[in-house]
Amino acid sequence: MELLEAKKIMDEKLGDYKIMALASCVDDYPMVRNVSCVFYNDKIYFKTDKNFRKTQQLFKNDRVAMCFNGVQVEGTAKNLGLVIDEPGRIFEKKYKEFLWQSYNAYSHVDTEILIEVTPKFVEIWDEDKNRNAFQLFIDFDKETVEYKPYD
């Protein structure tokens, strides 16, 4: 399987937005919590308050793992600054479209920052159209794909 085909499977499983579990760790203290994500530019974006514990962890260790329904993403998180300062305000528009209740409740706070996660390694557990289980491993740094069918 080629990288583009594997990436298409990942994109189909994630869609335009998802609530994903975000795991981070600092000083051997792991944390996991849900974040509302939107996907564009081959990256994962979510907003958070710059004063939250999870955000403080991300400032100290940018390595994260995220998970949704059989898709695990390992990557790096980058603070892009205030949500309203993103050029073109793409995140804000997509967040409002897909997650409007959360947008209306939280998007107007001046401490909300935008976090961009760049996937480095993705593991997908799924089934094909014949309900045959498989695992798919995508290494974005090495640009390699491993497909493991299960009979």
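**Reading burial, packing and ring pairs in a predicted model**

In α1 of this predicted model, the buried residues are Ala6, Lys7, Ile9, Met10, Lys13 and Leu14.

Q: What makes these buried residues of α1 line one face of the helix?
A: Seen down the axis of α1, they fall within an arc of 155°, so they line one face.

Q: Which exposed residues does α1 carry on the face turned away from its buried side?
A: That face carries Leu4, Lys8 and Glu12, which are exposed.

Q: Why is Lys7 called buried?
A: Buried means under 20% relative accessible area. Lys7 has a relative accessibility of 16%, so Lys7 counts as buried. The residue sits in helix α1, residues 3-14. Leaving aside neighbours within four places in sequence, Lys7 is in contact with Asp42 and Ile138.

Q: How do you know that the span of α1 is close to the one expected?
A: The helix has 12 residues and reaches 16 Å from its first C-alpha to its last. Just after α1, Gly15 takes a positive phi of about 70°.

Q: What puts the buried residues of α2 on the same side?
A: The residues concerned are Lys54, Thr55, Gln57 and Leu58, in helix α2 (residues 53-60). They cover an arc of only 155° around the axis, which puts them on the same side of α2. On the other side, Arg53 and Lys60 are exposed. The buried residues of α2 pack against β1, β2, β3, β4, β5 and β6.

Q: How do you know that the buried residues of α3 share a side?
A: In α3, Phe91, Glu92, Tyr95 and Phe98 are buried. Their arc around the axis is only 150°, which puts them on the same side of α3. Lys93 and Glu97, on the other side of α3, are exposed.

Q: Why is Thr111 called buried?
A: The limit for buried is under 20% relative accessible area. Thr111 has 15% relative accessibility, and therefore counts as buried. Thr111 lies in the loop between α4 (100-106) and β6. Its contacts, leaving aside neighbours within four places in sequence, are Thr48, Asp49, Lys50 and Asn51.

Q: How many aromatic pairs does the structure hold?
A: The structure holds 6 aromatic pairs.

Q: What makes Tyr17 and Phe98 a stacked pair?
A: Two rings pair if their centres lie within 6.5 Å, and planes under 30 degrees apart count as stacked. For Tyr17 and Phe98 the centres are 5.2 Å apart and the planes are at 15°, and the pair is stacked. Tyr17 lies in strand β1 (residues 17-26) and Phe98 in helix α3 (residues 90-98), so the pair ties together parts that are 81 residues apart in sequence.

Q: What makes Trp125 and Tyr150 a stacked pair?
A: The centres are 5.6 Å apart and the angle between the planes is 15°, to be set against limits of 6.5 Å and 30 degrees. Trp125 lies in strand β6 (residues 112-127) and Tyr150 in the segment after β8 (144-149), so this pair ties together parts 25 residues apart in sequence. Trp125, at 44% relative accessibility, counts as partly exposed. Tyr150 also counts as partly exposed, at 35%.

Q: Which residues touch the most other members of the largest nonpolar core?
A: This core has 25 residues, and those touching the most other members are Met20, Cys37, Ile44, Phe46, Met66, Val117 and Ile124. The elements that give two or more residues to the core are α1, β1, β2, β3, β4, β5, β6 and β7 (133-139). Strand β6 provides the largest share, 5 residues. Apart from this core lies another, of 9 residues, among them Val83, Phe91, Phe98 and Leu99.

Q: Which residues does Cys37 contact, leaving aside its neighbours within four places in sequence?
A: Its contacts include Met20, Ile44, Phe46 and Met66. Among the others are Tyr17 and Leu99.

Notes. Residues are numbered from 1 along each chain as its sequence is written. This is a predicted model: local features need pLDDT of at least 70, side-chain atom pairs count only at pLDDT 80 or more; totals for chains, interfaces and linings use all residues. Side-chain values use heavy atoms; hydrogens and water are left out. Helices (H or I, at least four residues) and strands (E, at least two) are DSSP runs, numbered from the N terminus. Buried means under 20% relative accessible area, exposed over 50%, partly exposed in between (1.4 Å probe, protein chains only). Contact means heavy atoms within 4.5 Å. Rings of Phe, Tyr and Trp (its six-membered ring) pair if their centres lie within 6.5 Å; planes under 30 degrees apart count as stacked, over 60 as edge-to-face and the rest as tilted. The expected span of a helix is 1.5 Å times one less than its number of residues. The arc is that of the directions from the helix axis to the C-beta atoms. A nonpolar core is a set of buried Ala, Val, Leu, Ile, Met, Phe, Trp, Tyr and Cys residues joined through side-chain atoms within 4.5 Å.
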